[in-house]
Amino acid sequence: MSKITSDLDLASNALRQGEIVAIPTETVYGLAGNAENNDAISKIYHLKNRPLTHPLIMHVAQHWDLLRWVKTIPDYAQRLINHFWPGPLTLVLPAQTHRINSLVTGGQSSVAIRCPQHPLAQELLKQLNFPLVAPSANPFGKMSPTTAKHVHYYFKKNNLLIVEGGRCKIGIESTIVDATNPNGYQILRHGSIDEAAIQALLLHNQLSETSTLRVPGKMASHYQPEKPFYCFDSREEMQIFCQQLTMPAFIFSFTKNEYFNHYPGYQLPTTPERLAFEFYFQLHQADQSSASLILMELPPDTSVWQAIRERALKAAFR
Ligand code: TXA
Ligand code: MG
């Protein structure tokens, strides 16, 4: 049986012994293990049922010297670090491959690094003095967990220690920026730190060519609920779909409408920050409801909504 705990010493001892511990971060909960311990890393892949070709993010404490693991930090990447760390931004940097387990990098010559803001994650890292690899604490392809209970639901039979850290404040995974090119960056995964915020900080233009790095989060389907999930670009399309429905649906819509009277539903918040906070949390609720399928009205196709649209479209049934 898995166990939710507030005992940080228990968690740090387990991590020192090469165990896997689910930890809170400000984005989503992660399945953490010692990044320098081959068995611990293997256990994470096994537990998540994740293919070995999907590399992991290394989590570090604030002010640790990244040159222990990376070859160089481009100037613009250093500015991103100074401004956004600790916080929901992951940087992919040129790795010192001989110092990092190839299970972390997926055999690539780059490593993804993030400095989480959640006080318990920072506290653990400081106590441990070694980096933690931590993919989102869900089975491969499923939705990320934003509460300790979500993690428990996924892994109840696995004897996993889960650190209680409350509900994640951001609610979606970190923004990932490819910073392997000294001449410019590229966003690999959109998140709550959006393109405009990055551009505002950097004079560098975003590179136009497609990155050659493998980012499995870019797969067409990912982050899926158990129930069939359909997304619609307009409420009208969703209404037409509803009229033909013979099964009960859970409806996500920006405005309350007549369908809320017939179906269980959730009125979506109208700012990207609030919607990010609620997105997985409400999808988990919908998944646990008696509805047979889930329908969602998409936010507009503009850059501030990119992170949510990207995730919703990947979660959608096809
Ligand atoms: O917010 C987050 O980033 C959460 C929390 C727990 O920190 N973690 C997370 O990890 O989302 P995960 O494993 O679910 O997603 C990591 C993504 C994957 O899409 C992976 O392919 C990409 O990061 N990635 C990892 N290392 C990479 C590398 N060297 N180059 C390119 N992409 C990389
Ligand atoms: Mg994930």
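Guide: Two bits of bookkeeping follow. This is a predicted model, where local features need pLDDT of at least 70 and side-chain atom pairs count only at pLDDT 80 or more, while totals for chains, interfaces and linings use all residues. Residues are numbered from 1 along each chain as its sequence is written, chains are lettered from A and ligands numbered from 1 in the order in which they are written, and side-chain values use heavy atoms, with hydrogens and water left out.

Leaving aside residues up to four places away in sequence, Ala 249 touches Tyr 263, Pro 264, Ala 291, Leu 293 and Leu 295. Ala 249 sits in strand S12; strands (E, at least two residues) and helices (H or I, at least four) are DSSP runs, numbered from the N terminus. Its relative accessibility is 0%, so Ala 249 counts as buried, a label that means under 20% relative accessible area, with exposed over 50% and partly exposed in between (1.4 Å probe, protein chains only). For a sense of scale, His 83 is 166 residues from Ala 249 in sequence and 43 Å away in space, C-alpha to C-alpha.

Now step across to strand S14, which covers residues 293-297. Strand S12 (residues 249-253) and S14 pair in the parallel sense over four bridges; pairing requires that DSSP finds at least two bridges between the strands. Here Phe 250 stands opposite Ile 294 in S14. S14 has another parallel partner in strand S11 (residues 229-232), again over four bridges, and there Tyr 230 stands opposite Leu 295.

What about burial along S14? Five of its five residues are buried. In a regular strand the side chains alternate between the two faces of the sheet. In S14, Leu 293, Leu 295 and Glu 297 point one way, Ile 294 and Met 296 point the other way, and all are buried.

The residues that make the contact are Leu 275, Ala 276, Phe 279 and Tyr 280 from H10, with Ile 308, Arg 311 and Ala 312 from H11. By class, that contact has six nonpolar residues, no polar ones and one charged. Ala, Val, Leu, Ile, Met, Phe, Trp, Tyr, Cys and Pro count as nonpolar, Asp, Glu, Lys and Arg as charged, and the others, Gly among them, as polar.

Technical notes:
Contact = heavy atoms within 4.5 Å.
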